[in-house]
Structures are given as C-alpha cells and as structure tokens.
Amino acid sequence: PRILSSFTRRAGVVSRSCDAKMDPESVLNDLVETEIPLARRTLLETQTNLANLATYVERNYLESTDKREALEQTKQFAIQSLAGVASQIDAFATGLLRIMDAEAILFNRIESDINNLAQGVLGFDETIARRQIGGLVATKKSETLVEKISGPDEEPRSMKYRRKPIDYSLLDGIGHGVAVE
C-alpha cells in the first residue's frame, strides 16, 4: 500500500497547460529543460515502483490464506497502477505535443521572416532593374550643352541721336565695273 500511494501521487506530473500568450521559445525551453525530464524520471520511478508492487503482490498472494481476497486486492492494485501509468504517459505525450506545437510556431515565425526578407530583396532588385532600364531610355534633353548667351553686365549708354545728311556720291565708284568719266 505504501508503494501504491507514492505511485498514485505522481500520476499527473506534466499537467501545466500551455498559455497561448506565452512566448513559444520560453515554453519550449521550459518543456525541454524541466517538464519533459521530470516526466521521464517519474516514468522511470514508476517502473521501479511497479516492479516493487509486483513483488509485494506476489508475496502477499503466496502468504495469504484467503487466495480470493489476495486476487481481488491484486486486481485493484493492477487497475490503479494501469490508470496511473496511462495518466503519466498521457502527460508525457502532452508535453511532447506542446514541444512540437511550440516548434511549429517558431518555424512559422522564421518562415514569415524569410518571406518578408525575400519580398524586400525582390523589391530592391526591381528598383535596381527600373533604374537600369531608365538609363537606357533616350532622354528628351539635347546631349550637347549650349552655353547660355547673356547680355553685358552693364547697359551701354545710348548716344544722343544726330542726323547726318546722306551723301549719294559715296557709292559712285562701286558699281558694275564701268568707270564713268
């Protein structure tokens, strides 16, 4: 009976539930570092306790005068033991499932980060390609640079107008090449 009571107390070792708001990395670390090793140790201790229980039941059955009562007691111990082992295995399996869920969440985050980086790289590549295409397009501006013509810095002074008489004989020596005498 002493063996059975220590066995049934440890039946639900890994029973903490995973809070959805907790960080998956901390949940994963907690599971891997504490809960799963504790559940494994408990299962190993349960194995030892079951061996001790089997020895006790066998000795009790052999030493007992009422074999029917000893058999019923053995059945009760077997049922309780199987229920405890099933509970511990369930708790251990639940812990392993929580590890896989936390890892799946982490993998999804990493995949999302990689996809975001890939989209950023594609956008950057597209920008570079557009710049290269823009460099190949003919521009509307003329290729040669024409210096701008600007006026003098100072305005010239205008001279006063004076009328000169016209001299018509000034151009008489120029003409069709015939000299007039």
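Biologist: Is Leu62 buried or exposed?

Modeller: Keep in mind that this is a predicted model. Leu62 sits in helix 2, which covers residues 24-63. The cut-off for exposed is over 50% relative accessible area, and Leu62 has 60%, so the call is exposed.

Biologist: And which residues form a nonpolar patch on the surface with Leu62?

Modeller: The patch has about 290 Å² of accessible area together. Besides Leu62, its members are Tyr61 and Leu71.

Biologist: Let's zoom out. What order do the elements of the protein run in, from the N terminus on?

Modeller: There are 0 strands in the secondary structure, and the helices come to 3. Read from the N terminus, that gives α-α-α.

Biologist: How far apart are the end C-alpha atoms of helix 3?

Modeller: Helix 3 takes in residues 67-136, which is 70 residues. At 1.5 Å a residue the helix should span 104 Å, and the model agrees with that. The distance between its end C-alpha atoms is 101 Å.

Biologist: What share of the residues in the protein is buried?

Modeller: Buried here means under 20% relative accessible area. Helix 3 contributes some of these residues, including Phe77, Gly84, Arg98 and Leu106. Out of 181 residues in the protein, the buried share is 17%.

How values were computed
Residues are numbered from 1 along each chain as its sequence is written. This is a predicted model: local features need pLDDT of at least 70, side-chain atom pairs count only at pLDDT 80 or more; totals for chains, interfaces and linings use all residues. Side-chain values use heavy atoms; hydrogens and water are left out. Patches are made of residues with over 30% relative accessible area and no salt bridge: like charges are joined within 9 Å, nonpolar side chains (Val, Leu, Ile, Met, Phe, Trp, Tyr) within 5 Å. Accessible areas come from the Shrake-Rupley method with a 1.4 Å probe; for residues, only the protein chains shown count as cover. A salt bridge is a side-chain nitrogen of Lys or Arg within 4 Å of a carboxyl oxygen of Asp or Glu. Helices (H or I, at least four residues) and strands (E, at least two) are DSSP runs, numbered from the N terminus. Buried means under 20% relative accessible area, exposed over 50%, partly exposed in between (1.4 Å probe, protein chains only). The expected span of a helix is 1.5 Å times one less than its number of residues.
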